[in-house]
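Here are my notes on the model you sent over.

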Amino acid sequence: MQELLDSLNIDQYLPVLLEGTTNVLFAIAILVIGLFIANKAKNLISNTSNKYQNLDDTLFRFLGNVAKYIILAFVVIAVLNRFGIQTASIIALLGAAGLAVGLALQGTLTNLAAGVMLLMFRPYKVGDFVDVAGQFGNVTEIDLFTTILQTFDNQQIIIPNSQIWGSQIVNHSHHDIRGVDMTFGVAYKENTDEVRKVINSVLESHPAILKTPAPFVEVSTLNDSSVDFIVRPFCKGEDYFNVLFSVPEQIKKALDAANIEIPFPHRKVIMVKEGDE
């Protein structure tokens, strides 16, 4: 037996075996510690939004996943280095592949960048009524690539975030109290004080119109055939469309009941006989 062991020359391979075993143990330790740190970093970043009400969960979950995979990438490189594998060429290859993918997905990455900005600065949130990219509706969902609106006629509109971030954003739900601008025209022969009194009576009786701030009712324009009043009552944001679509009819009926003329365009035609010229 001793002669067999001597012939195998165990002492020659023992350092190699020990080195290999050490590398495997170190690689396992690196993987375990790296996974722990990656998951810890992900949870730490993802849970940051829970501490602050104004921060968006979607953005921080995304950032948490990005941090996790970046850490895991370094862990894999460290493990490969432990076994003596040259990682410089692998890193260069991954960089080239990443550049190619980035160029191929340029539009998608633009939407991603815009989504990050929207989720970070939060010009609107789910439940707000917004006017964005030429569309108006209720925001039902915001993710990193698109914003989804629901219109009044119950259509779903999906808008790429890059179209929203690069254009004007009108958030109709940002303030709790809103003014509702309307214009009404009456004939020149009517008494403006009486007209103002009739309009104010309608506004005072409307249940959704606030007393404070007080409604604004004033003459705004002297048109060719009418005296125009600008009427701006104030209401809570959720009552905006109720006021906008109910008050005009009520004011029309009140003006009719008070015998106040609401003018409409007239055209005078003068007939001239040929012999009278």
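1. Ground rules. This is a predicted model, where local features need pLDDT of at least 70, side-chain atom pairs count only at pLDDT 80 or more, and totals for chains, interfaces and linings use all residues. Residues are numbered from 1 along each chain as its sequence is written, and side-chain values use heavy atoms, with hydrogens and water left out.

2. Confidence. pLDDT is the predictor's confidence in each residue, from 0 to 100. The protein chain averages 82, and 76% of the residues score at least 70. Among its elements, strand E9 (residues 227–232) has the highest mean pLDDT, 96, while helix H1 (residues 2–8) has the lowest, 51. Where pLDDT is low, the predicted coordinates should not be read in detail. Helices (H or I, at least four residues) and strands (E, at least two) are DSSP runs, numbered from the N terminus.

3. Ring pairs. Rings of Phe, Tyr and Trp (its six-membered ring) pair if their centres lie within 6.5 Å; planes under 30 degrees apart are stacked, over 60 edge-to-face, and the rest tilted. The whole structure has nine aromatic pairs. One of them is Phe-129 with Phe-136, stacked at 6.3 Å centre to centre with 20° between the planes. Phe-129 also pairs with Phe-152: the centres are 5.7 Å apart and the planes at 10°, so this pair is stacked. Phe-129 sits in strand E1 (residues 129–132) and Phe-152 in the loop between strands E3 (146–150) and E4 (156–160), so the pair ties together parts 23 residues apart in sequence. Phe-152 itself is exposed, at 55%.

4. Phe-129, Phe-136, Phe-152, Tyr-240, Phe-241 and Phe-245 form one aromatic cluster. Arg-178 lies over the face of Tyr-240, 3.8 Å from the ring centre (the test is NZ of Lys or CZ of Arg within 6 Å of the ring centre and within 35 degrees of the ring normal).

5. Asp-128. This residue is in the loop between helix H6 (106–121) and E1, and is buried at 5%. Leaving aside neighbours within four places in sequence, Asp-128 is in contact (heavy atoms within 4.5 Å) with Gly-137, Asn-138, Val-139, Asn-171 and Ser-173.

Terms used
Buried < 20%, exposed > 50% of the residue type's maximum accessible area, 1.4 Å probe, protein only.
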